[in-house]
Structure formats: structure tokens, C-alpha cells
Amino acid sequence: MPSNAEAVRQALSHAESIAVLTGAGISAESGIPTFRGAGGYWNHLRFEDLASPQGFAANPKLVWTWYEERRRDIAKAKPNAGHLALVELERRTKAFTLITQNVDGLHERAGSQNVLRLHGSIWTIRCEKCGAERTDLSELTELPPVCVNCQGRERPGVVWFGEMLPEQVLSAAGKAARTCDLLLVVGTAAQVYPAAGMIDIALEHHAVVVEINPDATPYSDEVTYTLRGPAGELLPNLL
Ligand code: BJW
Ligand code: ZN
């Protein structure tokens, strides 16, 4: 019997269309904490207070302080071997779509090209009043920042609980999940929808689905192959 890793290597080399769904776990080896689980942000912080429009309305300064700390940590972090392996996989695959829930931009910094960001970007800032968006990589001095056009309060350009995902991005992700031969699911607890629904779509369309995660997820028993371990070690080993 070939090992799971060998079978996945074969499947990857034969697939013409590959989609990848990534979550916080792929950036863990770059030193960025995940949300859930050991060492995750939400062990000591409540996500209702930090990642919801209600939490922001109640305490914009607290929410901005959390995002600003993360922006600083991410600016210092570097893409890891897992991010780089996905760049190489894209280079050698005919049709490749990287669907990420991450807002850190590390896939793009590693060199991935066809990236769909389901939950926005931590480097985008949006005015609540006039909707103007800007990219800002600098350290923010005033929290919350204020819009230069209309003096409105600005917020992080990310998608919080209860908010709609960007429609075109979600539709392109759904198409990639529907049409791929193989979906790699890397470093996500697969608990947040509609992102986790990409796995259901790929399974319904009979794609080979591979989960790469040190821990089990609600989808572990449904996928075709599970590879247990850190993405930065497992992904390079599959190429
Ligand atoms: C490693 C590793 C290593 C560790 N290598 N792996 C259907 C059913 C039930 C509820 C809903 C539903 N549809 C919608 C909902 C509501 C809600 C939802 O999903 N709730 C669930 C929690 C139940 N969804 C929404 O509200 C979404 N909007 C929406 O659906 O709009 C329509 C609508 C509106 C109103 C009402 C109803 C519908 C929006 C979701 C937005 C999520 N936003 C956040 C914050 C983004 C900004 C930011 O970064 O601050 O996105 S929350 C947070 O969770 C973040 C992440 O992208 C997301 C997913 O987390 P992820 O990536 O899975 O991280 P972790 O930490 O959970 O897991 C890490 C994994 O890595 C673990 O498994 C580790 O084992 C693993 N790991 N080291 C590989 N080295
Ligand atoms: Zn404005």
C-alpha cells in the first residue's frame, strides 16, 4: 500500500486543475498565531469582541489595538516553506487557484499569483462613512484612524462575523472548488462558513480532497486523504 503522502504526490502531479484552501495554520510557522486552539488568539480574547461589527462599534480602540499589534507582527514575519511550496505548485499546474481565509498577505509576498482573499486584507483600511478604501502598510499612530476625505471613522478592511464576503471573490472561489480535480485544505479548523463550504462543494463534485493539518477537523472523515503535521514540513515534501 502506498503511503498517503505518496498517493497525494501522485494525485498532485496528475491533476490539471488544483484549488487550495488555506487558513491561519499555514502562517503558524511564520510565527503568526492562529485563532482557535493552543496558542491561538481566541484562547485569551473573545472573538465576539474583536471580529464582529458589534464588537467594533462597542470598542473601536480595543479592536484597532489588536489589529495594529497583528499588523506589526505580520510586517516582521516572512513567508515559510509551506507558502513557498504553494508558489511552486502553482508554477507547475495548468489551472491553479489559491483561496485563502488569511488577511496577512503572506501568500502574495511568497509569490503566489492567483490568490482569492475571502476575508479581505489587514493592509486595507476602509472608511465606515464614505466607503473609501486605502492600502496602508505603515504603523498607525492614531487609533482609530480617520478618513482624510470625510473625517469618518476608519476600520480594518477585513470580513467580520455576520458580514458578507466580497461577492466576486466568493463566486470565483466557488467556481474553483466546483471545477478542480483536487482541493488541498491546509491549516484551517474548517469551522467558519462560507469558507469551509468550499470543501463541501469540492466533495460534491467528486474532487480528490486532501487535508493537511496537525489536528483533526470536522471534515477529516470525509476527505480523501489526511496528512497530519505542520504545513511547512508536509507541503514541500509533496512536490
Ligand atoms: C496548522 C499548523 C501548521 C496549526 N500547519 N496547520 C453556516 C453554518 C453556521 C454558521 C454560519 C454559516 N454560514 C455563515 C455562518 C456564520 C459565520 C460562521 O461561520 N460562524 C461559525 C463560527 C459557526 N460566518 C460569517 O459570519 C461569515 N459571513 C457570512 O456568512 O455572511 C453571510 C451571512 C451574514 C449574516 C448572517 C448569516 C450569513 C463571515 C466570516 C468572517 C470570518 N472572519 C474572521 C476574521 C477575519 C479578519 C481577521 O483575520 O481578523 O476570519 S474569523 C477567523 O476565522 C478569521 C479566519 O480567516 C477564520 C477561519 O479560521 P482558520 O483559518 O480556520 O483558523 P483557526 O485558528 O480556526 O484554525 C487553525 C488551524 O490550523 C487549526 O486546525 C490548527 O490545527 C491548524 N494548524 N498549526 C498546518 N503548522
Ligand atoms: Zn471617508
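The model is predicted: local features need pLDDT of at least 70, side-chain atom pairs count only at pLDDT 80 or more, and totals for chains, interfaces and linings use all residues. Residues are numbered from 1 along each chain as its sequence is written, chains are lettered from A and ligands numbered from 1 in the order in which they are written, and side-chain values use heavy atoms, with hydrogens and water left out.

I then checked the salt bridges (a side-chain nitrogen of Lys or Arg within 4 Å of a carboxyl oxygen of Asp or Glu). Glu 68 forms one with Arg 71 at 3.1 Å, N to O, and another with Arg 72 at 3.7 Å. Arg 71 is buried, whereas Arg 72 is partly exposed at 37% relative accessibility. I found Glu 68, Arg 71, Arg 72 and Glu 139 linked in a network of salt bridges. The count comes to 14 salt bridges.

Next I looked at the zinc ion (ligand 2). Its protein donors (N, O and S atoms within 2.8 Å of the metal, 3.2 Å for Na, K and Ca; water is not among the atoms, so sites may look incomplete) are the SG atoms of Cys 127, Cys 130, Cys 147 and Cys 150, 2.3 to 2.4 Å from the ion. I noted the sequence spacing of the donor residues as C-x2-C-x16-C-x2-C. Cys 127 and Cys 147 are both buried.

How values were computed: Buried means under 20% relative accessible area, exposed over 50%, partly exposed in between (1.4 Å probe, protein chains only).
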